[in-house]
Amino acid sequence: MVKKKRLRLIAEMARKIRAYRELKNRPQDSQRYALDYDTMTRPFTGKKLPVLAWKDVRQETRLFLLLAGMRMFGVGRLFTRKSWLDEHTEPCYWKITKVKVDYTAENMDHGKAWGVLTFKGKEEAREREVDKVMYHDWRLVPKHEEEVFKRCEPVPEPPVRYARYPPLLRAMILAQQAKQLGVDASTVPEPTLPLKRDALLNYEYFRNQGWTGTNERTFIAVKPDGVQRRLLGEIIRRFERKGFKLVGMKLLQASEEELRQHYGDLREKPFYSGLVKYMSSGPIVAMVWQGLDVVKTARKMLGETNPADSLPGTIRGDYCVEVGRNVIHGSDSVESAQREISLWFKHHELFCWEECIEPWIYA
């Protein structure tokens, strides 16, 4: 017989009220990015802009200062940045496709914009949100100059250069080719090595290729409440007794910028600002665990996001009461694990080592 789930009406209503208050109290972009041009200070944060930037800020414009004075907010027009004009000879620009204006802002000079980016003459296939709209760096491409601005003459690729092999390797290659062809080694053409890389294989490529089977990895973070309650040892003990291998760990104070990147997919949620503030309120412990199906198994060991729905025996089921203090974070997919590990760890901070007990864990 299936146990009937007990309704928690008061707790659910309190959660919705908290979420509504957070959404209502969340500052608008017009408040966050407002600037007092006399003192070069942002009133919301009290931070002053760097002195070297004052001259450029007074002379240059943000994207929405340009959009607000245009018909249909500049949809269909081309916008570039001063830094692109200085750094690149190829055309770099955004073609605006959609604009969402913050009507609470004075002069309607804040909001979000979407468009198609062309960078160094290469146009992206999909539209996406325009980044850095609050930078004082934007330029409007005049209508009569758009065709000329978009022209791009591709730079011809340089000819492939060749280098000679080292003497010992050269002798081995000549001997092998002479043996295959059945001729004297002196008649074989001189072997050369082309100085051209046909495939860009970096560390990420090789690391991702090995993240399968017993080499699968996941990202686990003990949140500030878990560190304050001294649950770190118990959490490590559970993962070690399960049979997983620890390959990276560090104690750190996460910055708000790092947390915004980590929780970027939750940006539109009402609890987003509170989550970032909570995660930056104290030290966290970031860990990387390795083992067979470690991502899926770790999620089961953690329990549900809401501790009330977590089973006894899970970490959240045993040590948590409220969803806002659920002690621990774990990657929900292999792709998320790769992204989160690359965000919090450098490659030299992850260790590949062999356990003597591995034959007793995997058949």
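Helices (H or I, at least four residues) and strands (E, at least two) are DSSP runs, numbered from the N terminus. The structure is a predicted model, in which local features need pLDDT of at least 70, side-chain atom pairs count only at pLDDT 80 or more, and totals for chains, interfaces and linings use all residues. Residues are numbered from 1 along each chain as its sequence is written, and side-chain values use heavy atoms, with hydrogens and water left out.

**Overall chain**
- The protein chain contains 15 helices and 12 strands.
- Of its 363 residues, 35% are buried (under 20% relative accessible area, with exposed over 50% and partly exposed in between; 1.4 Å probe, protein chains only).
- Among contacts (heavy atoms within 4.5 Å) between residues at least 6 apart in sequence, 68% join residues at least 24 apart.

**Annotated binding site**
- An unreviewed UniProt entry places the feature "binding site" at Lys223, Phe271, Arg299, Thr305, Arg316 and Asn326; positions follow the numbering used here, feature names are shortened, and annotations may be inferred rather than shown by experiment.

**Phe271**
- Phe271 is located in the loop between helix H11 (256-262) and helix H12 (272-279).
- Because its relative accessibility is 36%, Phe271 counts as partly exposed.
- Leaving aside residues up to four places away in sequence, Phe271 touches Glu22 and Leu266.

**Thr305**
- The loop between helix H13 (294-302) and helix H14 (315-319) holds Thr305.
- Thr305 has a relative accessible area of 43% and is therefore partly exposed.
- Not counting residues up to four places away in sequence, Thr305 touches Arg316, Val323 and Asn326.
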